[in-house]
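Here are some notes to read with the model open beside you. Take the points in order and find each residue as you go.

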Amino acid sequence: MTPEKIHDALNAAHPGAVLAFDPNPKLPSIKVAPSAWKAAAKTLRDACGLDYLVCLTSVDRGAELEAIYTLETMGETRAPIHVRVLVPRENPVIPTVEDVWRTADWHEREAWDLMGIVFEGHHNLVRILCAEDWEGHPLRKDYKSPDTYHGIKNNVT
Amino acid sequence: MTTPYTLVDWVLGDGAGWLARFIGAILVWAVPITGFVSFVGLLSIWLERKISAHIQCRLGPMEVGPHGALQTVADGVKLLAKEDIIPADADRILFAFAPMLAFAGTIVGFAVVPFGPGLIVADLDIGLFYLAAVGSLEAIGVIAAGWASNNKWSLFGSVRAATQVVSYEIPMGLAFVTIAALAGTLSMVGIVEQQQGWIANWFLFRNPFTWVAFIIYYIAALAECKRAPFDLPEAESELVSGFHTEYSGMRFAIFFLAEYAQMYVVSAVAAVLFLGGWYTGIAPLDAAIGGGTAGMVVGAGVIVTKSFLLVCVQMWLRWTLPRIRLDQMMYLCLKVLMPFGMLTLVGSTVWEHFLPSPAIVKDGGGWTGNTVMTGVVVAAIGTVALVAYVRSVIRATPSLRAASNS
Amino acid sequence: MNAPHTNTPAAAPSSDVRSEEMLLNMGPQHPSTHGVFRVVIRTDGEIVLDSESHVGYLHRCFEKHCESVSFLQSVLYTDRLDYLTSMGNNLAFSMAVERLYPDLKIPERAEHIRVICAELNRIASHLLAIGTYGMDIGAITPFLYCFRDREKILSIFESICGQRLNYNYVRPGGVAYDIDDSMIAAIKDFCGYFRPKAQEYDDLLSNNDIFVRRTANVGVLPKDLAISYGVTGPSLRGSGLKRDLRRDAPYSIYDRFKFDIPVGTGEKGTLGDCYDRYMVRVREMIESLKIVEQAVAQIPDGPFKSEQLKGKLRPPKGESFVRVENSRGELGFYVISDGKDVAARVKCRAPSFHNISLLSDISKGCMIADMVAIIGSLDIVMGEVDR
Amino acid sequence: MAESIQEINLNNDSPTRDNILITSVDQLVNWTRRSSVWPMTFGLACCAIEMMATGASHYDIDRFGSGPFRATPRQADLMIVAGTVSHKMAPRVKRLYDQMPEPKYVMAMGACTVCGGPYIKHGYHVLKGVDRLIPVDVYVPGCPPRPEALLEGLFRIQDKMKRERVLDRERKGLRPKLLVE
């Protein structure tokens, strides 16, 4: 399906869910409201055939944190479509889609670990890359790496 | 059957008392055997490293001694000087005892393995039975080691070793019985003496079924030595190091030595049972050498050479084959080798009943009945080898391969 | 003795024999976890009941580095993601940066060099995967044979860019250095040398009965599960899905070459088992060789890097997402630039990260020895999983 | 005499220290140690590939007796820390080092283990040099070091072993120090 058709299908199924649409052929993207994201994800997979979650990119946009879901159909070969979900920095909560695409399980854990986005309903939202007792979310722009970790000096200049 | 001439008699002279014979046996046998076991171990380990290296387009040890000849000596002494660690939660007594048990289980096997005519520690009437009995003693040491280490990988290794023992012992026993039924004796010397004369007299060529028995025995022997493809108890890529994961220094070296000594024992037994023991297989040559000291020396050379050739085959297999899985090992031993072993036993005895081999003529006869059998076997091996060679040549040459494919 | 069952495992027979489950920690330092992968296995004897994967022991903060150093310096860090396919990583990142520029032409010669290097690197990577897979199964010699041939590729790379690993060669705008005729001759030599060698691996491993029995019908990965987990590369093609970005969404100049896409056929067992994944890699090496031969034959003269990207790399404001078919699957980079010489955000879509996440799903009910076979057949590189 | 016998023994120039028996044993033991340095299979990252290449046909570390890569630390003499050590991995590295039997040696292979390498400045999760964790005998720089460099590192370790004393159980003066700031 072309990005336009996906946009139309999503709009028809969930009125008000789509906040913005950018049909740029290099990077087609749809902005979806966080509250409607879970239902929209199911529509995208079942009705639009986007069965392959290529990537989940978390971005620190200052006042907001963004999760970019890159979606594609495994059997098709066109540029993937990007779904943007923006949440406020103070309360970054996005409903989980791990039961829609199983790839999302680890990707959401990674986004929680490195960016601090909370995925509501995830069965095991714990750190995946950093050590279990790591503090902070390293990919946020205001992150300061710890001076020592378990008594070992960490910052060297 | 009594041994006419043993080394102890040779040293002490005839007519020595039983106490003198007992002490003499310890001095004459225990010390040299221990030395021999160590030598065999060191030599085999060096051979293993050189053979594996040359299989793998490498050179292997080169710097320590000429062509790395002193490599295993260095390894051994280094391990001796390493720290001896017993894990805190290990069963200390069993942990220390297990390597000795494994080594003892191997070394007692040497008691009935002849090194030449008369060169045998004890020519027991039940030599073969004794060998089958003590052969599994090493496994007890391995199981104890894995249990005592209090390490999950070691435990897996030891349980695998236990599984392996109950699997390979049965086909191995059947192969033993096949030969015992033919020879009519369990004495190792007795078995060898029946293979005197031409190469056709070797039990390997006695009838088609002994050929199968040899293969069954050799596969079971690989399993007994925990060699690839049966190296499940120590499977490095699966169980880190298996049963000896927690062993360091000398205790590990003893396990290592026991493994290589075991390799020699099973190979020597194969030489005795199937490959004519200390006989060269050329009747006039054996007759010319005769008995006495010359016979002892040449016989020892022949049997050690045959054994080492079989040890080298074990190494060749190890560095060529992948490892089989535990259930496949049990399947192979219990559902493939065991029925074939039974078939071999029955077939061999029936064959002997209806097509008995001509009486063994000790002065170099016997070049009659088994000749056909020998000829067939040699021709078959030759054909297979030739076909394999031609095939490899075709494959290695692109133009020929293209022609054969089209 | 009728001991009560404290916990009844699924695979245990319902008898009076008391059976206990055991937790087995495999890794992060284990000979066949291919790096520092850790998996906690719940076992009943040798049977794997359940497993839980733990990653992150090699988390080297790749994405943070890309936000801290310039675009050109970031190429260096992409090397160390999938350190066995550095050329492919460089290519993917460079293409993602190039996509930010509105109209950037990459010289023909550079495109050819990129393809040659990426495909040679794919062969080297698959050689290592096959070799270590043999080692996981217990055959050590094929590993050394693979390394022997891999050395030949590495020496070509060494003459091209001075490194045996982590090449830092493909850069935004082209490649770092030109290649000369002696290097092209060496590549041609290698092509002639390698073709018959592939038969050797088949003789040693692929047609070995023990190897087939150890890998066929083990770790079967059904197609729908693979899609759901976003598995790509040889692991996906082993399940029978013919998806290869080099053909389906040709990037660089891949649309000019003729090559096949090997897929699993379930020839020795079930479709999507370890053997299929392994065989796809073996066959892909020959296809890569075909591409290298074609590219070497038609390499044009000309500049090896774009004149438009002279000076400091400062891509215009924008976002781009580019994927390439790396030796382990689809490697993607999501690059966000806000017009500075340092990226605002770089996200790496690592194929191994997806491929290994399904381990616990396909390893249920197998044996511990199979666990090793499955991890090996997925062919992960921890540098890429942990980033 | 204020000096105790112990102090005399510890003095390297003392005649009791250098008698013919002790030095001969020293020579023998040191020869065996440096002839059979068994490394541990401890690949962490990119350098592990070069470590494997060193063991493979082309470079063949087995020539120098270091062929048997042991999977278990109990049987290893040399820990080649090949690759980046992260903070998550650090406790495991320390534990494996503690599990090795004495005398044990550590080689820091690659820039990451020497000082953090390319990750020294922004790598929040990377240990900046493995010598903050375990004492390192020989540093092999490079990213990754070539197999020849790894072999050279092995020779440097062998040189170090040459100078050791069997009776000197603490490896006085030769045991590296932990980097503490």
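1. Let's begin where chain C meets chain A: 24 residue pairs are in polar contact between these two chains, counting pairs with both residues at pLDDT 80 or more. That cut-off is there because this is a predicted model, so keep that in mind throughout.

2. Which elements of chain C give two or more residues to the side that touches chain A? They are the helices α1 (62-66), α8 (223-228), α12 (351-357) and α15 (382-386), plus the strands β6 (318-326), β7 (329-337) and β8 (345-349). Sorted by class, this side of chain C has 16 nonpolar, nine polar and 15 charged residues.

3. The rule finds eight salt bridges across the interface of chain C and chain A. One to look for joins the side chains of Glu319(C) and Arg84(A), at 2.8 Å from N to O.

4. Now for the area. Chain C and chain A bury about 3300 Å² between them, and 55% of that is on carbon and sulfur atoms. On the chain C side, Tyr334(C), Lys347(C) and Phe353(C) lose the most area to chain A, together 16% of what that side buries. The contact takes 40 residues from chain C and 39 residues from chain A.

5. Next, go to where chain B meets chain C. This contact takes 25 residues from chain B and 36 residues from chain C. The two chains bury about 2800 Å² between them, 62% of it on carbon and sulfur atoms. In chain B, the residues that lose the most area to chain C are Phe156(B), Pro322(B) and Arg325(B), which together make up 22% of what that side buries.

6. How many salt bridges does the rule find between chain B and chain C? It finds three across that interface. In one salt bridge, the side chain of Glu238(B) meets that of Arg214(C) at 3.6 Å, N to O. Polar contacts between chain B and chain C come to nine residue pairs, both residues at pLDDT 80 or more.

7. On the side of chain B that touches chain C, α7 (152-183), α10 (236-239) and α14 (326-354) each supply at least two residues. The largest share, four residues, comes from α7(B). By class, this side divides into eleven nonpolar, four polar and ten charged residues.

8. Finally, pick out helix α4 of chain C, residues 108-137. Its 30 residues reach 43 Å from first C-alpha to last, close to the 44 Å expected. Is α4(C) mostly covered or mostly open? Mostly covered: 28 of its 30 residues are buried.

Methods
Residues are numbered from 1 along each chain as its sequence is written. Chains are lettered from A and ligands numbered from 1 in the order in which they are written. This is a predicted model: local features need pLDDT of at least 70, side-chain atom pairs count only at pLDDT 80 or more; totals for chains, interfaces and linings use all residues. Side-chain values use heavy atoms; hydrogens and water are left out. Contact means heavy atoms within 4.5 Å. Buried area is the accessible area (1.4 Å probe) that two parts lose on being put together, summed over both. A salt bridge is a side-chain nitrogen of Lys or Arg within 4 Å of a carboxyl oxygen of Asp or Glu. A polar contact is a pair of N or O atoms within 3.5 Å; within protein, one must be able to donate a hydrogen and the other to accept it, and residues adjacent in sequence count only if both atoms are side-chain atoms. Ala, Val, Leu, Ile, Met, Phe, Trp, Tyr, Cys and Pro count as nonpolar, Asp, Glu, Lys and Arg as charged, and the others, Gly among them, as polar. The expected span of a helix is 1.5 Å times one less than its number of residues. Buried means under 20% relative accessible area, exposed over 50%, partly exposed in between (1.4 Å probe, protein chains only).
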